[in-house]
Amino acid sequence: MKTIIFHEHTTSHSPSHRYIVLFLKKYIEKIESTPNYDLDDELMEFYVSLAATTNLSAGSTGMCYKTYALDKEQYTKVVLNEEQMMISQGTTGLQTWEASLRLADFFVEHP
C-alpha cells in the first residue's frame, strides 16, 4: 500500500485529501480485522496527520486530480484536474460526469 500512496504519480497528481483519508480509513479497518497483519508505522503516521488536517464534510471545495486507467495493466492513464463540488462557478462543467465514464468504458472495450 505504501508503494501506491507514496508513488510519484500519486504524490504529483494527488486525489483529494478527503478521498485519501476515507480510503485509508477503510484500508486500516480491513488490515486491523485480518489476523497476522501489521500496519506500517509510516502509513499510520501519514493517515493520522492527514486526517487531523482534512475537512471530511461532503462539501469539500477546491481542485483535485482524478486518474482513470484505460487498460487493465494501467499503462494508459488519463489524469484530470477537477473541481470537488458538483456545481461551481455557475456551471457543472468542472467535473467528470458518470455517464461519460460509462461511455468511455464502452469505447475502450469495443474499439
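Because the model is predicted, local features need pLDDT of at least 70 and side-chain atom pairs count only at pLDDT 80 or more, while totals for chains, interfaces and linings use all residues. Residues are numbered from 1 along each chain as its sequence is written, and side-chain values use heavy atoms, with hydrogens and water left out.

**The whole chain**

Start with a cartoon view of the protein, which has five helices and two strands. These elements are DSSP runs numbered from the N terminus: helices are H or I with at least four residues, and strands are E with at least two. Along the sequence, the pattern reads α-α-α-α-β-β-α. Of the 111 residues, 16% are buried (buried is under 20% relative accessible area, exposed over 50%, partly exposed in between, with a 1.4 Å probe and protein chains only).

**Two loop stops**

Select P15, in the loop between helix 2 (8-12) and helix 3. P15 counts as partly exposed because its relative accessibility is 22%.

Next, pick N36, in the loop between helix 3 (17-32) and helix 4 (41-53). N36 is not a glycine, yet has a positive phi of about 65 degrees. With a relative accessible area of 82%, N36 is exposed.

**The second largest pocket**

Now select Y68, A69, L70, V78, L80, T96, L101, R102, A104, D105 and V108, which line the second largest pocket. A pocket here is an open set of points on a 1 Å grid over the protein atoms alone, where a 1.4 Å probe fits, with protein on both sides within 12 Å along at least five of seven lines; lining residues have an atom within 4 Å of a point. The volume of this pocket is about 190 Å³, taken as the space filled by probe spheres set on the points, which are joined across faces, edges and corners.

Which element gives the most to this lining? Color helix 5, which supplies five residues. Strand 1 (63-69), strand 2 (77-83) and helix 5 (98-109) each bring at least two. By class, the lining has eight nonpolar, one polar and two charged residues (Ala, Val, Leu, Ile, Met, Phe, Trp, Tyr, Cys and Pro count as nonpolar, Asp, Glu, Lys and Arg as charged, and the others, Gly among them, as polar).

**Two lining residues up close**

Zoom in on V78 in strand 2. V78 counts as partly exposed because its relative accessibility is 33%.

Finish at D105, in helix 5. D105 is partly exposed, at 39% relative accessible area. Show D71 as well: D105 and D71 are 34 residues apart in sequence, and their C-alpha atoms are 9.6 Å apart in space.
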